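This report concerns the salt bridges of the structure shown below. It describes selected pairs in turn.

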Amino acid sequence: MSLYNQMDRFPKIGMVFRMPELPEVETVVRTLKKLVLNKEIESVDVYWDNIIATPQLEAFKQAVIGQKIIDISRRGKYIIFNLTSKTLISHLRMEGKYFVYDNDVKKDKHSHVIFKFSDNGQLHYNDTRKFGKMYLYDESEALKILANVGLEPWDKNLKATYLKRKAKNRRITIKQFLLDQSVISGIGNIYVNEILFLTNLHPETIVNTISTLKFNQIITTTQAVLQEAIDQGGTTIRSYTSSLGVSGLFQQSLNVHNLAGSPCPVCSSEIIKITVAQRGTYLCPSCQRKK
DNA sequence: AGTACTACCCGAACGC
DNA sequence: TGCGTTCGGGTAGTAC
């Protein structure tokens, strides 16, 4: 399949992330920092109440008005907006995305929260599936909640011994374990499939049977896979920052995800799709044998 | 405590 | 301009 055809699978409006995991969220954060830092929120319009998880809608609106965006960062898959005296946390879930505009525009059908800035610019939260959530906290409260998120993939405390301890006495599969955001934060369904392929692990391997050596391999592979994706996002983002501020994952760089029926890039066996914990799971049955 | 299941959503894909 | 059904996926909540 040509590159052109692959690009064509993305939605019509620019290149937009589907299933944003850590690298995509990181790219969104970097882009937003370029576009909306230091802007003051003059008003906010909410078109789908359930996006606002906390506090109650009216309290959320009242608290956010007049706040300035001081900093934007990321923790796992959470986007953190440090406002003047509040912390706005945003999770994109499946298809959440942000559009930035210089002027007033007619909103897209799927834009559900619109922040209007004092300089007439706007930040639109757009989410086809309406799965995403926003949380507004006092700073101390936000820190408390974020402390419960698992280790970042590059945290110096992320070691095989840590994973061994977390896996002890647990009977879940390695796939479920790596998707557990309280262990490592940021891995989603696409990259977990890739990480397990690159480490030659069957996704249904029971996690407490995994060796220290293998956990070390998982850590280095996770870091490499996520870093590569961030780097790709970083290279594609430049041409889009002026318009929508979004970018796409280059799916042609994936080895197994969404590639059932294709040959394994290592051994040419046919990649299969199975279901693990109700998630679509792609693997090479030859490279990833069940132990 | 750990595990499993479900709700939340709706566009795409599929079956007829 | 076909219509009805099924699927998927991250996290929170619930049940055991």
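## Salt bridges in the model

The model contains 12 salt bridges, a salt bridge being a side-chain nitrogen of Lys or Arg within 4 Å of a carboxyl oxygen of Asp or Glu. This is a predicted model, in which local features need pLDDT of at least 70, side-chain atom pairs count only at pLDDT 80 or more, and totals for chains, interfaces and linings use all residues. Residues are numbered from 1 along each chain as its sequence is written, and side-chain values use heavy atoms, with hydrogens and water left out.

## A pair within helix H2

Glu26 and Arg30 form a salt bridge, with 2.8 Å between the closest N and O atoms. Both belong to helix H2 (residues 22-36), where a spacing of four residues separates them by about one helical turn; helices (H or I, at least four residues) and strands (E, at least two) are DSSP runs, numbered from the N terminus.

Glu26 is buried at 14% relative accessibility, whereas Arg30 is partly exposed at 42%. Here buried means under 20% relative accessible area, exposed over 50%, and partly exposed in between (1.4 Å probe, protein chains only). A network of salt bridges links Glu26, Arg30, Arg74, Arg75 and Glu152.

## Pairs between loops

Lys86 and Asp138 are joined by a salt bridge, their closest N and O atoms lying 2.7 Å apart. This pair links distant parts of the chain, 52 residues apart: Lys86 is in the loop between strand S4 (78-83) and strand S5 (87-91), and Asp138 in the loop between strand S9 (133-137) and helix H4 (139-146). Lys86 is partly exposed at 22% relative accessibility, and Asp138 is partly exposed at 36%.

Notes
Chains are lettered from A and ligands numbered from 1 in the order in which they are written.
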